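Please keep the sequence and the structure in view while reading.

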Amino acid sequence: MTDRISRGRFVAAGTAALASIAVIDAPARAAQWTYKYASNVSLDHPLNVRMRECWTAVTKETGGRLEVQIFPNNQLGGDTQALQQLRSGALQFFTLDGGILQSVVPLAAIQGVGFAFKDSQEAFRAMDGALGDEVRTAIRGANLYVHPKMWENGMRQITSSNKPIRSAADLAGFKIRTPPGELWVDLFKSLGAAPAPLNFSEVYTALQTRVFDGQENPYAIIDVARLYEVQKYLSVTNHMWSAFHFLGNQDAWNALPHDVQAVVERNLAKYALLQRRDTQLRNDSLSEKLARRGLTINKADTSGFRAKLTSAGFYTKWRDKFGAPAWALLEKTSGKLA
Ligand code: X2X
């Protein structure tokens with residue numbers, strides 16, 4: 001990108017005034033900071049659609065000083081590798097689910113407590129507010145930059161290759177992939193399933209080769225990752241919500257002057273809100289398309305899920321891990337969980 005722009009300028013300047021000082025000037029106008037942004041979804045997911053618009057606006061509004069290159073689809077490695085790169089500074093910007101960030105920031109997993117949020121609107125009210133503020137304070141404490149507006153992934157549904165999940169009983173011994181996060185694995189263990197964590201980058205192949213019977217994700221992810229090619233059933237469970245934090249390497253963030261930081265923050269806020277709307281529209285309207293692609297869709301009876309989590313001690317265990325103050329903020333939205 002940088003090369004192409006400077007070559008373009010070279011030609012333009014060259015025709016105007018051959019070998020003039022303008023040609024020597026051109027590289028000075030190239031980006032002062034070229035940063036990488038990575039995500040685990042493909043370019044056609046609303047996350048990257050809006051990120052592209054966001055970084056185009058940032059480059060324009062900073063007069064080309066900051067240029068951000070997008071690496072979609074785990075091109076730089078799976079989430080756990082990309083998180084390492086972000087912390088070391090090899091990667092500057094990254095979007096990551098709080099449940100995966102848990103390995104570095106334990107409190108970040110609180111967004112994924114089972115059946116805490118009934119829908120995305122409710123979840124965003126909590127995460128844009130006091131609960132989110134607590135989490136972001138913890139993230140900053142781990143020496144990472146975090147933007148206050150999260151990006152939507154959505155309410156999660158279970159897919160399977162061998163049977164529909166109709167009620168909690170169907171989860172007994174069910175081999176299910178979860179994202180790499182302790183709470184995620186514990187949630188499905190408490191439900192009686194046989195979960196194992198795996199980066200999203202490996203999920204399609206793991207389902208295709210039947211290492212797992214199933215996985216769980218929002219509709220938009222099932223669609224863009226074409227999981228309908230390797231799964232037969234989609235069971236609507238809405239068992240938890242998920243969303244991405246926008247994270248930055250702290251040194252890389254500090255290296256940007258305040259005016260550039262302000263442009264980035266303003267655009268991230270603007271495009272995050274647009275992305276939330278896009279993704280929610282997709283999650284709400286993909287049912288028919290996924291059915292046409294071959295998934296048999298059923299609505300699960302999740303009343304027994306909640307009871308199992310309670311009897312397995314899931315809620316009390318995680319209340320103690322997250323601490324009473326953060327748990328109280330969660331229960332302000334969810335009502336009493338533990
Ligand atoms: O890994 C997943 O399943 C995904 C894409 O939903 C997350 O980023 C948590």
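Between domain 1 and domain 2 the count of salt bridges is 0, whereas 6 residue pairs are found in polar contact across their interface, with both residues of each pair at pLDDT 80 or more. The model is a predicted one, and its chain is divided into domain 1, made up of 2–110 + 118–153 + 243–284, and domain 2, made up of 157–240 + 290–326.

**The interface between the domains**

- The C-alpha centres of domain 1 and domain 2 are 29 Å apart, and 23 residues of domain 1 make contact with 18 residues of domain 2.
- About 1700 Å² of area is buried between domain 1 and domain 2, and carbon and sulfur atoms give 62% of this area.
- Of the area that domain 1 buries against domain 2, 26% is supplied by Gln-102, Asn-153 and Asn-283, which is more than any other three residues supply.
- On the side of domain 1 that touches domain 2, at least two residues come from each of α4 (79–88), α5 (98–101) and α12 (258–285).

- Strand β10 (residues 233–236) runs parallel to β12 and is joined to β12 by 4 bridges; Ser-235 has Asn-298 in β12 as its bridge partner.

Notes
Residues numbered from 1 in each chain as written. Predicted model: local features only at pLDDT ≥ 70, side-chain atom pairs only at ≥ 80, totals over all residues. Heavy atoms only, no water. Pairing = 2+ DSSP bridges. Domains from an automatic or database assignment. Contact = heavy atoms within 4.5 Å. Buried area = accessible area lost by both parts, 1.4 Å probe. Salt bridge = Lys/Arg side-chain N within 4 Å of Asp/Glu carboxyl O. Polar contact = N/O pair within 3.5 Å; in protein donor to acceptor, adjacent residues only side chain to side chain.
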